[in-house]
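Dear colleague,

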Amino acid sequence: MDHTVLINCSPKKKLSVSGFIMKCAGLMVRGKKEYLHLRTPADRERILQALKDAGKVVFAVPLYVDGVPSHVLPFMKEMERFCLENGLRLKVYVIANNGFIEGRQNEPLMQVMENFCARSGLEWCGGVGIGGGVMLNVERIMITVLFGLMILNMLLRGIQGENILEPVRSFGISVAELLVLCCGIIAFTVRLALHISKGTDAGKRYTRIMLPSFIFILCADIFFTIISVFQGGFFRGWFSRFKPDAGCSIITGKDQ
Ligand SMILES: Cc1cc2nc3c(=O)[nH]c(=O)nc-3n(C[C@H](O)[C@H](O)[C@H](O)COP(=O)(O)O)c2cc1C
């Protein structure tokens, strides 16, 4: 069957790297496509029903604690039962991405997915593991900002009667530089999309953002310092008393 279901398995509502790569890959996949998001238990049934008409499924998964995110595992259990009961023989592809720089860190996740296919009677067709995935968010934000600056620059130049194409040229150069950093990701995503279209085995491939590790770590440190200042505050939690929330209780020996 030429129907492909692509599942974004990130719990994030916005700015999900998995969702972004999934959409990019999906653009190159031929045939009927259905994009779905697995965030909460309420999403599971809709996805399972979509699988009934599909021939291929693509999981776009972020790496959490060196494995599959915990909200995806119960879905995989349900899917295993569903596929066995309905005799589904889907071809399964995986696009994994992680925060650290090495794409190979996704190997345990890939193995979990391969074992899941073996148990569920599905056909494991491989995938791609991408290191430094968070940089794709940095890049797309930068491209959006640069685009806005280009438009502003063109307007100002237009008013002053100067060459309005100069900002387009420098925007093009900046975008090209950013794309070079993703050349491995682009190449392997295109390759995977071609395999998905043909329904052939893609094997496992690993790539990463093409930045030397020491520069990546420096960028990540700056990024997380800024995030922690905005989201964590300066002194929050230094001297606070422990206040258990309503849903949290400590089980003592007496309770058992
Ligand atoms: C709870 C949690 C655990 C994570 N564990 C890892 C990890 O073990 N290794 C790693 O390289 N990145 C880890 N990351 C980073 C994510 O894999 C990374 O940010 C990824 O790009 C998120 O993709 P998403 O935007 O699609 O959710 C973790 C992130 C979170 C929130």
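Phe59 and Phe116 are both buried in this predicted model. The two rings form an edge-to-face pair, with 6.2 Å from centre to centre and 85° between the planes. Phe59 belongs to strand S3 (residues 56-62) and Phe116 to helix H4 (residues 107-120), so the pair ties together parts that are 57 residues apart in sequence.

The structure holds two aromatic pairs. Phe147 and Phe171 also form an edge-to-face pair, because their ring centres are 5.8 Å apart and their planes stand at 65°, where over 60 degrees is the cut-off. Phe147 lies in helix H5 (residues 134-160) and Phe171 in helix H6 (residues 166-181), so that distant parts of the chain, 24 residues apart, are linked. Phe147 is partly exposed, at 42% relative accessibility, whereas Phe171 is buried at 17%.

A charged residue also meets a ring: Lys23 lies over the face of Tyr35, 5.7 Å from the ring centre.

Helix H8 (213-232) is one of the elements that supply at least two lining residues, and H8 gives the most, with five. By class, this lining has 12 nonpolar, eight polar and three charged residues.

The second largest pocket holds about 270 Å³ and is lined by 13 residues, with Phe20, Cys24, Leu136, Leu179 and Ile186 nearest its centre. H1, H5 and helix H7 (183-198) each give two or more residues to this lining, which has 10 nonpolar, one polar and two charged residues.

With kind regards

Key: Residues are numbered from 1 along each chain as its sequence is written. This is a predicted model: local features need pLDDT of at least 70, side-chain atom pairs count only at pLDDT 80 or more; totals for chains, interfaces and linings use all residues. Side-chain values use heavy atoms; hydrogens and water are left out. Rings of Phe, Tyr and Trp (its six-membered ring) pair if their centres lie within 6.5 Å; planes under 30 degrees apart count as stacked, over 60 as edge-to-face and the rest as tilted. Helices (H or I, at least four residues) and strands (E, at least two) are DSSP runs, numbered from the N terminus. Buried means under 20% relative accessible area, exposed over 50%, partly exposed in between (1.4 Å probe, protein chains only). A charge sits over a ring if NZ of Lys or CZ of Arg is within 6 Å of the ring centre and within 35 degrees of the ring normal. Ala, Val, Leu, Ile, Met, Phe, Trp, Tyr, Cys and Pro count as nonpolar, Asp, Glu, Lys and Arg as charged, and the others, Gly among them, as polar. On a 1 Å grid over the protein atoms alone, a cavity is a set of points where a 1.4 Å probe fits but cannot get out, and a pocket is an open set with protein on both sides within 12 Å along at least five of seven lines; lining residues have an atom within 4 Å of a point. Grid points are joined across faces, edges and corners, and a volume is the space filled by probe spheres set on the points.
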